[in-house]
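Here's a quick tour of how charged side chains pair up in a protein chain. Have a look at the structure first, then read on.

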Amino acid sequence: MTPNFTLPRLLKEPTGWLLIVLTMGFFYAQWPSRTPTRVEPVYYWQQFDGGLKIRWEAEPTYQESGTTQAWGLTRKAMSFMVQTGPLSGDFGELILVMAEQDRAAVGGAIQEPLTISEGQAQYAFFDAESRIQVHRWYRIESQWIKISVLYKPSMASRVTRATAFFANLGY
């Protein structure tokens, strides 16, 4: 007796071959080893007078207005800014005035109340567009430095990036 071997119907018709090829393509595309590699940004370090260093996600743009200098970067729905200027009066009074101006500009609620300590201050506002504006001030010798981040906290990665921006300040 000779074995009677016939191909299954799936392999005899073009539609069957199409289903086989599409199924193989699906598994190939969904295989875990094909996940894209995460590209880390090339960080840019900036050092100010007095030794303060800031790590940016990319090179910031520079602006100058009178005696105030500013560097800014908008990247992936977040805005980062650093401003410097000469300190002509009391640091605490400057912070109180500027914090009130910042709050009036955004017209929002207080996210983090104003705290002033020796040579530094911080506060945060929650604006009308559900964004958080975090501001930190530093007094270094006879100048002030204001570091600000604006972001929507709807994504954990944005909160992480904002926290990392402030955490990577150093002397």
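What follows is a short walk through some of the salt bridges in this chain.

Keep in mind that this is a predicted model. How many salt bridges does the count come to? It comes to 6.

Let's start with Arg-75 and Glu-57, whose side chains meet in a salt bridge with N and O 3.0 Å apart. Arg-75 sits in strand S4 (residues 68-75), while Glu-57 is in the loop between strand S2 (53-56) and strand S3 (61-65), so this pair ties together parts that are 18 residues apart in sequence. Is Glu-57 buried or exposed? With a relative accessibility of 12%, Glu-57 counts as buried, because buried means under 20%. Arg-75, at 23%, counts as partly exposed.

Next up is Arg-139, which forms a salt bridge with Glu-118, their closest N and O atoms lying 3.1 Å apart. Here too, distant parts of the chain are linked: Arg-139 belongs to strand S8 (residues 132-140) and Glu-118 to the loop between strand S6 (109-117) and strand S7 (120-126), 21 residues apart. Arg-139 is partly exposed at 33% relative accessible area, whereas Glu-118 counts as exposed at 68%.

Then there's Arg-131 with Glu-129. Arg-131 is partly exposed at 24% relative accessibility, and Glu-129 is partly exposed at 48%.

| Pair | Distance |
|---|---|
| Arg-75 and Glu-57 | 3.0 Å |
| Arg-139 and Glu-118 | 3.1 Å |
| Arg-131 and Glu-129 | 3.6 Å |

Methods
Residues numbered from 1 in each chain as written. Predicted model: local features only at pLDDT ≥ 70, side-chain atom pairs only at ≥ 80, totals over all residues. Heavy atoms only, no water. Salt bridge = Lys/Arg side-chain N within 4 Å of Asp/Glu carboxyl O. Helix = DSSP H or I, 4+ residues; strand = E, 2+ residues; numbered from the N terminus. Buried < 20%, exposed > 50% of the residue type's maximum accessible area, 1.4 Å probe, protein only.
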